[in-house]
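Hello,

Here is the structure to keep open beside this note. Could you have a look at it while you read what was found?

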Amino acid sequence: MMTASYFQSANQLKQEGKLEEAIASYRQAIDQNPNFYLSHHNLGEALAKLERWEEAVTFYDRAIQLNPNSVWSYYNLGEALAKLCRWEDAIASYRRALELSPDFYRFYSSLGAALCKHGLREAAAALYCQAAESLVKQQRWDEAESCYLQAIKLNPSVKDDYRNLTETLTKQQQLEIAIATTRKAIKLAPENAELHCQLGKILTQPNRRIEAIESYQKAIALNFNLEEAHINLVNLLIEQAEIDEGKQKQNTPSLEQEALFNLGNLLIQQGKLEEAIEIYQRAIAIKPNWTAAYLKLVEAHMKKSWNFYDVGKLHESINSTERAIDIYNSQLEKHPLGNLGIRFITPEYFTNWPWLGAIGHLALNIDIYIKMGILGWRPQHHTILLAPPEQVINPCLLNYWRRYLHIITDPSLIERLLPLAKTMRCLEHTLFHVKIAQGQMVDVSYAFSVVQKQWEAEKRPPLLTLSPSDYERGCNCLQDLGVPKNAWFVCLHVREDGFRAEGMITHRSADVNTYLLAIESIVALGGWVIRMGDPTMKPLQPRSQVIDYVHTGAKSDWMDVFLSTSCRFFLGSASGLVSIPLIFGVPCALTNMWPISARSPSSQDLFIPKLAWSEVENRYLTFEEALAPRFFFNLNSKLLYSWGIKVVDNTPEEINDLVLEMLDRLEGKVQYTEEDEILQQEFNSLPTPYGPSAFNSRMGRSFLHNYHDSKRKPIA
């Protein structure tokens, strides 16, 4: 009775703030009954209010001894120990309190604070997240938000638990709170891609679509491998495409407009491009916001550009492309998503030609596009490549680009995205013309060299490297073909006309038999030769250490990539396949190159061109003449012949000399004379249609000595 009286009196005094009198009464209660744990606990509380922490610790300890399950005694002891900066002891007390009462959020936050003071920030963040979880269950949103934000401040990588809060808020229709909370979190952790992705999910409402797209773009920019962000972004873009398509259908053109539009389409089909352009301009004058008519006008200018290109009118071709781009971009600026930095690379560039079916374009066009973005030579777009599987010549190579581009191969997704993609293409980067730094439009051959020259000047490595899995299975396959382990080999590819069965670019082909001397040199030095290409090629005669790979069952997309990137060097001609070793950084010895501008953009490569014989003047064109605009990137054999120009293949001796020079370079044995260097500098100083030369590769030494005055006849 006396103990109860002292204890009750002390409690009353403590409540009234008479702490010294309360302490005296608690001591009297303890004297009367030293085994009543609450007297010790409450005395500790009174002492703590007076900041007498050491004494408070003593009485909390005694309360715990008397009642080991006293949750609040452990918690208060932890608080007192924290005031004394005895962090390890405080952490132990908080942990025991949590073991006894795991659902009380304050315990988590206090332990988190102690862990943070002790330097254990990640552990502290986890505790704040647990405190927030407890508060979420109680729907105490403000306090939960505070705990999560504290967790993110301590550990910016916090994502999963934070997502639980925003998802809960969203489910409770607390959307604005969820958005505001997520944005606060992003301020604390701006580099956390998952937070941006989470914000995108919350913003995916009919009236917040643009903001959601921006959030997903930011998430992808921070973590390109964040699959969820890619998927959600594509879904939003599909929704936008369907909305835009619906608007177009609602805004039906008049009979007059439709008649003009159809006439323009017919004229394009007939190749009457100037007339088509005039018709589309009349249609646009009647209906200025008619997007479809603008796109067809762009198509007409692009086809006009390619017609100029085919007849060697390089500058006129570029001017038409630039006109098309100006019209296109004027429409892109009006598009709801036009300023969000999203661009598409589509399966075709205003023609029906499937460029993904050409290995050179799949390799070099994408390589230069990505490098320009990294160098800052084009806007930093989020680029989506639509790649129908049936059009992709090498799926293995395409997959290597996934680390840089969002590639869609699903046919149904492609079909749904095409309406949007056609209005948001990256038109400054087409198959044949590229807009490089300072806005200059050039053909791709020059662009490759300019970009690669800057890339090498900054000592940047190749974008792609062979994966360990592809390397391992390639080595196994190579041994199955009979090549000993650790043997070195050279890949050989000589373009023939059978693959595309067309007469327009026969000047790029050559006879594989003219390479037999070079093959013998490689074999004599202990190397193997792997003949690359496609099954339409005429078979090689069987030879020791020569594998006619194209006529074996091992031929596959991934083996093409392995061989092209694992050889000592690649011996090739003017074909797209040589692009694979180029983009993986493998040295190349390129032969029978025409036009001369098609030489490799890499400084580690050697090349020799075909010479151009003028049947009208009975002489060879000089190298300077062969670099004139009409020849600079001419791919039309029939046009060359109509001008009286015949290109002459390299001789077996010329090819062999180039191979021997490459082997000497790779072994560090080559020694170039002063005359060699002067001749190279003279050749590299020759003007191009765009000004100074930007080429990096070196012309073969013997060939340059023989033909630096290329007006004379070839040496027999």
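Two strands pair here if DSSP finds at least two bridges between them, and the elements are DSSP runs (helices H or I, at least four residues; strands E, at least two), numbered from the N terminus. This is a predicted model, in which local features need pLDDT of at least 70 and side-chain atom pairs count only at pLDDT 80 or more, while totals for chains, interfaces and linings use all residues. Residues are numbered from 1 along each chain as its sequence is written, and side-chain values use heavy atoms, with hydrogens and water left out.

Let me begin with the parallel pairings. Strand S10 (residues 588–593) runs parallel to S11, and three bridges join them. Ala589 stands opposite Leu606 in S11. Strand S11 also runs parallel to S15, joined to it by two bridges; here the bridge partner of Leu606 is Arg698 in S15. As for its side chains, S11 (residues 606–609) has Leu606 and Ile608 pointing one way and Phe607 and Pro609 the other way, and all are buried. Buried means under 20% relative accessible area, exposed over 50%, and partly exposed in between (1.4 Å probe, protein chains only).

A second sheet is antiparallel. Three strands form this open sheet, in the order S13-S12-S14. Its edge strands are S13 (619–620) and S14 (645–648), each of which pairs on one side only. Strand S12 (residues 611–614) pairs with S13 over two bridges, and with S14 over four. To find these pairings on screen, look for Trp613, whose bridge partner in S13 is Tyr620, and for Leu611, whose bridge partner in S14 is Val648. The hairpin of S12 and S13 has four residues between the strands, and Asn618 there takes a positive phi near 60°. Strand S12 is covered on both faces: Leu611 and Trp613 are buried on one side, Ala612 and Ser614 on the other.

Next, the cores. A nonpolar core is a set of buried Ala, Val, Leu, Ile, Met, Phe, Trp, Tyr and Cys residues joined through side-chain atoms within 4.5 Å. The largest one has 149 residues, and Leu397, Leu563 and Phe623 have the most contacts inside it. Helix H19 (residues 359–375) gives the most to this core, with ten residues. Apart from it lies another core, of 37 residues, including Ala185, Ala193, Ala219 and Ile384.

What does Leu397 touch, leaving aside its neighbours within four places in sequence? With contact meaning heavy atoms within 4.5 Å, the residues are Ile359, Leu362, Ala363, Leu464, Val561, Ile580, Ile583 and Phe584.

Helix H24 (residues 516–524) has Leu516, Ala518, Ile519, Ser521, Ile522 and Val523 as its buried residues. Among the elements that cover them are strands S6 (489–493), S7 (528–531), S8 (546–547) and S9 (569–572), as well as helix H30 (652–666). After H24 comes Gly526, with a positive phi near 100°.

Two loop residues are worth a click. His507 sits in the loop between S6 and H24, and it counts as buried because its relative accessibility is 1%. The C-alpha atoms of His507 and Ala574 are 9.1 Å apart, though 67 residues separate the two along the chain. Thr688 is in the loop between helix H31 (674–684) and strand S15 (698–699). With a relative accessible area of 10%, Thr688 is buried too. Beyond its neighbours within four places in sequence, Thr688 is in contact with Tyr446, Phe632, Ser693 and Phe695.

Finally, the cavities. On a 1 Å grid over the protein atoms alone, a cavity is a set of points where a 1.4 Å probe fits but cannot get out, and lining residues have an atom within 4 Å of a point. Among the lining residues are Leu364, Asp367, Lys371, Phe448, Gln452, Ile583 and Ser602. By class, the lining has seven nonpolar, two polar and two charged residues. Here Ala, Val, Leu, Ile, Met, Phe, Trp, Tyr, Cys and Pro count as nonpolar, Asp, Glu, Lys and Arg as charged, and the others, Gly among them, as polar.

Best wishes

Methods:
1 Å grid on protein atoms, 1.4 Å probe; cavity = no way out; pocket = protein on both sides within 12 Å on 5 of 7 lines; lining within 4 Å.
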